[in-house]
Amino acid sequence: MPVPSGGLKGLSVFPDAIPALSAQENYALSDAQRRLWILGQIEGRLLVNNLSYTVKIQGELDVEALEKSLQLLFLRHESLRTNFAEGRQFIHPERRFQLKARDYSEAGEEKARAYLQSLADYVFDLERDVLLRVRLVITGPAGHLLV
C-alpha cells in the first residue's frame with residue numbers, strides 16, 4: 001500500500017468503532033448467537049458451548065487483586081453479562097462476578113482432578129447462567145490453578 005503524500009499522520013490502523021445502540025430491554029441475536037440458541041432449543045443444553053482452560057500459577061497469589069481484575073473484565077464486556085431467551089439477548093447491567101475458590105491442598109490429587117473434570121463437564125444454561133465461570137483451585141501454599 002503506497003503511503004499518502006501527506007504521510008501517515010491522522011490515519012488510524014483501527015477500523016471505526018462499532019456504534020453503541022441505545023439502551024433497550026433486549027436486543028436481536030447475531031447470526032452466531034441465533035445458531036447457538038436454536039441448537040439449544042432443539043438439543044437442550046450443549047457441552048459444545050464450553051471452553052475450558054486451566055492456568056497453573058506458582059508462587060504467592062493476591063486473590064483479592066485477581067478477583068477485582070476479573071470483576072472489571074466482567075463489567076467492561078457486556079457479552080459476559082448476556083443471556084439468550086425467547087430468541088433475544090438480554091444484557092444484565094447489574095450482574096456481578098464472584099471468584100469462587102476451593103482449597104484442595106489437603107484433599108489429594110485425585111479429588112482435585114475430579115473437581116477439575118466436573119468444571120470442564122459443566123453445561124451452561126444460556127438463559128440463566130453467567131457465561132464466564134472462573135474457579136480458583138488451591139493446590140498448596142504457593143500453588144494455584146485458575147480454571
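A: Helices (H or I, at least four residues) and strands (E, at least two) are DSSP runs, numbered from the N terminus. The structure is a predicted model, in which local features need pLDDT of at least 70 and side-chain atom pairs count only at pLDDT 80 or more, while totals for chains, interfaces and linings use all residues. Residues are numbered from 1 along each chain as its sequence is written, and side-chain values use heavy atoms, with hydrogens and water left out.

Phi of Glu86 is near 55°, a positive value in a residue other than glycine. Most residues other than glycine have a negative phi. The side of Glu86 that faces solvent can also be stated: with a relative accessibility of 67%, Glu86 counts as exposed (over 50% relative accessible area; buried is under 20%, partly exposed in between, for a 1.4 Å probe and protein chains only).

S1 (27-28), S3 (82-85) and S4 (88-91) each supply at least two residues of the lining of the second largest pocket. A pocket is an open set of points on a 1 Å grid over the protein atoms alone, where a 1.4 Å probe fits and protein lies on both sides within 12 Å along at least five of seven lines; lining residues have an atom within 4 Å of a point. This second pocket has a volume of about 520 Å³, the space filled by probe spheres set on points joined across faces, edges and corners. Its lining comprises 20 residues, and Leu21, Tyr27, Glu78, Gln89 and Ile91 lie nearest the centre. By kind, the lining holds 11 nonpolar, five polar and four charged residues (Ala, Val, Leu, Ile, Met, Phe, Trp, Tyr, Cys and Pro are nonpolar; Asp, Glu, Lys and Arg charged; the others, Gly among them, polar).

The wider setting may now be given. The protein chain contains three helices and seven strands, which follow the pattern β-α-β-α-β-β-β-α-β-β along the sequence. Of its 147 residues, 28% count as buried.

Elsewhere, the largest pocket contains about 630 Å³ of space. It is lined by 24 residues, with Leu51, Phe124, Leu131, Leu132 and Arg133 nearest its centre. Helix H1 (31-43) and helix H3 (109-121) are the elements that give two or more residues to this lining.

Two salt bridges are counted, each with a side-chain nitrogen of Lys or Arg within 4 Å of a carboxyl oxygen of Asp or Glu. One joins Arg113 and Glu109 at 2.5 Å, N to O; both residues are exposed. Arg113 and Glu109 are four residues apart in helix H3, which means a separation of about one helical turn. The other joins Arg128 and Asp125 at 2.7 Å, N to O. Arg128 is exposed at 57% relative accessible area, whereas Asp125 is buried at 12%.
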